[in-house]
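Subject: Structure handover

Hello,

Here is the structure I promised to pass on. Please open it first, then read my notes below.

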Amino acid sequence: MNEILERQRAFFKTGKTLPYAFRKESLLKLRDTLLENREKIEDALHADLNKERTESYMTELGLVLSDISHQIRHLRKNMKRQRAKTPLAQFKGTSFRLAHPYGNVLIIAPWNYPILLTLGPLVGALAAGNTAVLKPSEYSPKTTALLQEILGSLYPQDYVHVTTGGREITTALLQEKWDNIFFTGGERVGKIVYEAASRNLTPVTLELGGKSPVIVDRTAKIDLAAKRIVFGKFINAGQTCVAPDYVLVQEDVREKFLSSMKKWIGILYPNSLENDAYPKIVNAKHFDRLLSLLQDERILLGGKSDREKEKIEPTLLDPRPKSPVMNEEIFGPLLPVLSYKDIEEAFSVISSHPTPLALYLFCEDRKLEQKVLSRIQFGGGCINDTLIHLATNDLPFGGVGTSGLGCYHGRWSFETFSHYRSIVKKATWIDLPFRYTPYTDLKRKLIEMFLK
Ligand code: NAD
């Protein structure tokens, strides 16, 4: 790894990654290769997670392709000097900020959306003119091997390199001095990454997880809310960082909400254990973890599983107080449904957990909307929908507190992988004298006039 990094350092220093034409060409090549390998990618995602092809395209490859198009469309503008005002005290001058790549970037990705969460950061890193080493997850081995094959034949190792392996490899990678580290994964490993980065004062982005709540107010369009929650929760069998983790529904609409949830689970995921369009749990370890969360729980719907296929039905729970299912991020197809009388009660449940990555509110009440947005800390979210805030290039995506640090997507991906230099360019035909010694009363008055 040290040798690869040395080569990437040397390559970056040649300046070859800097020109517009080089960056654009790299992104275009990536787009063409992904399109050529579309079937192989979908096969790998099916093998690792039993993802159905349309779901794969909608939630992985399609989002990467749209991000590449966005980066190419905005590349010239993003690379340009960004003009800023110049204060009169600095007469005569012009001011601007200019993006410059950090250099050699490390990207560590999880297994749940292995194409999107490995290539999404890569697209930003390359658009911004960096080199990159990627470490996809060992838990999605087919997709990881395919990424290594595809990117290995597309780019020289001095520019982009994919390394495989688990904890040992990541630990070794984190011993090196990177110019920027982009990590997507859980809070526990996020802390390890942050600590390692601090040894070299390396800037990091941490895209983590957490328990993302859904609030369903009595004014909500209950049936539509249920349909959109079922979509957001059970896509990828609940293994989504921004999946609704638990629902808080206002007491008087609870029964209506539950019956709509049951109806939509039946329509969208019929015969889920037999249904090839329903993803599996990534591996036996996570399958067992999820089953252990089900123990002693009151099951409202579902709860059956198939160990051989590693599948668990979409399951609704009525959790006990202090239930383990309410203590950790679920990251699977189990959805606890709690109820509240007054919104303050919902706030106190949410604030008893660490800061969530997402929050979803279903209501038709503008005042409540304002109250929720002003009172609760969370990464991002939707009003009257789930998940889709991450599927736009025009909004930054990221967490806060324990759900993450920094953001990306669209122009924020370019910014995340760039350092912005602030420059003032002074004219040479005039040189105002009052900042120079010896100071006089007049100079002091002029300085005081400019600086207030
Ligand atoms: P993880 O933290 O276990 O693993 C992420 C990466 O870290 C993997 O590449 C893994 O090999 C590596 N790793 C694991 N243990 C390590 C260690 N001790 N030292 C160094 N590296 C190590 O996460 P995961 O299980 O792959 O993914 C699930 C988590 O990721 C969930 O918490 C989920 O919410 C979060 N997530 C967040 C986002 C986001 O965009 N915010 C997206 C997807 C997943």
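The notes below start with the ground rules and then go through the findings by topic.

**Ground rules**

This is a predicted model, in which local features need pLDDT of at least 70 and side-chain atom pairs count only at pLDDT 80 or more, while totals for chains, interfaces and linings use all residues. Residues are numbered from 1 along each chain as its sequence is written, and side-chain values use heavy atoms, with hydrogens and water left out. Helices (H or I, at least four residues) and strands (E, at least two) are DSSP runs, numbered from the N terminus.

**The ligand**

The ligand is surrounded by 25 residues (a residue counts if one of its heavy atoms lies within 4 Å of the molecule). The closest are Lys-135, Glu-138, Gly-186, Leu-208 and Glu-329. An oxygen atom of the ligand lies 2.8 Å from a backbone N or O atom of Gly-186. A polar backbone atom of Leu-208 is 2.6 Å from a nitrogen atom of the ligand. The side chain of Glu-329 has an N or O atom 2.6 Å from an oxygen atom of the ligand. On its own the ligand has 840 Å² of accessible area, and the protein covers 91% of that (Shrake-Rupley method, 1.4 Å probe; for residues, only the protein chains shown count as cover).

**Salt bridges**

A salt bridge here is a side-chain nitrogen of Lys or Arg within 4 Å of a carboxyl oxygen of Asp or Glu. The count comes to 28. Burial comes up below: buried means under 20% relative accessible area, exposed over 50%, and partly exposed in between (1.4 Å probe, protein chains only).

Arg-53 and Glu-42 meet in a salt bridge at 3.1 Å, N to O. Arg-53 lies in helix H4 and Glu-42 in helix H3 (residues 38–49), so the pair ties together parts that are 11 residues apart in sequence. Glu-42 is buried, at 7% relative accessibility. Arg-53 is partly exposed, at 38%.

Asp-288 and Arg-307 form a salt bridge at 2.9 Å, N to O. This pair links helix H11 (residues 284–294), which holds Asp-288, to the loop between E11 and E12, which holds Arg-307; they are 19 residues apart. Asp-288 is partly exposed, with a relative accessible area of 34%. There is also a network: salt bridges that share partners join Arg-38, Glu-42, Asp-43 and Arg-53.

The side chains of Arg-254 and Asp-318 also meet in a salt bridge, at 3.6 Å, N to O. Arg-254 is in helix H10 (residues 254–268) and Asp-318 in strand E13 (residues 315–318), 64 residues apart.

**A buried charge without a partner**

Glu-55 sits in helix H4 (residues 53–79). Glu-55 is buried yet has no salt bridge. Its nearest side chain of opposite charge is Lys-51, 5.6 Å away (Lys and Arg count as positive, Asp and Glu as negative; His and the chain ends are not counted). Leaving out residues up to four places away in sequence, Glu-55 touches Glu-60, Ile-235, Asn-236, Ala-277 and Pro-279 (contact means heavy atoms within 4.5 Å).

The peptide bond from Phe-91 to Lys-92 is cis, with omega near 0°. Lys-92 is in the loop between strand E1 (82–84) and strand E2 (93–101). Thr-437 and Pro-438 are also joined by a cis peptide bond, with omega about -5°.

Two residues other than glycine have positive phi. Glu-310 has a phi of about 55° and is buried, at 17% relative accessibility. His-409 has a phi near 90° and is buried too, at 12%.

**Two polar side chains**

Thr-240 is buried, with a relative accessible area of 5%. Its side chain makes a polar contact of 2.6 Å with the side chain of Tyr-113. A polar contact is a pair of N or O atoms within 3.5 Å; within protein, one must be able to donate a hydrogen and the other to accept it, and residues adjacent in sequence count only if both atoms are side-chain atoms.

Asp-306 lies in strand E11. The side chain of Asp-306 reaches the backbone nitrogen of Glu-308 at 3.0 Å. A polar atom of that side chain also lies 3.0 Å from the backbone nitrogen of Lys-309.

Best wishes
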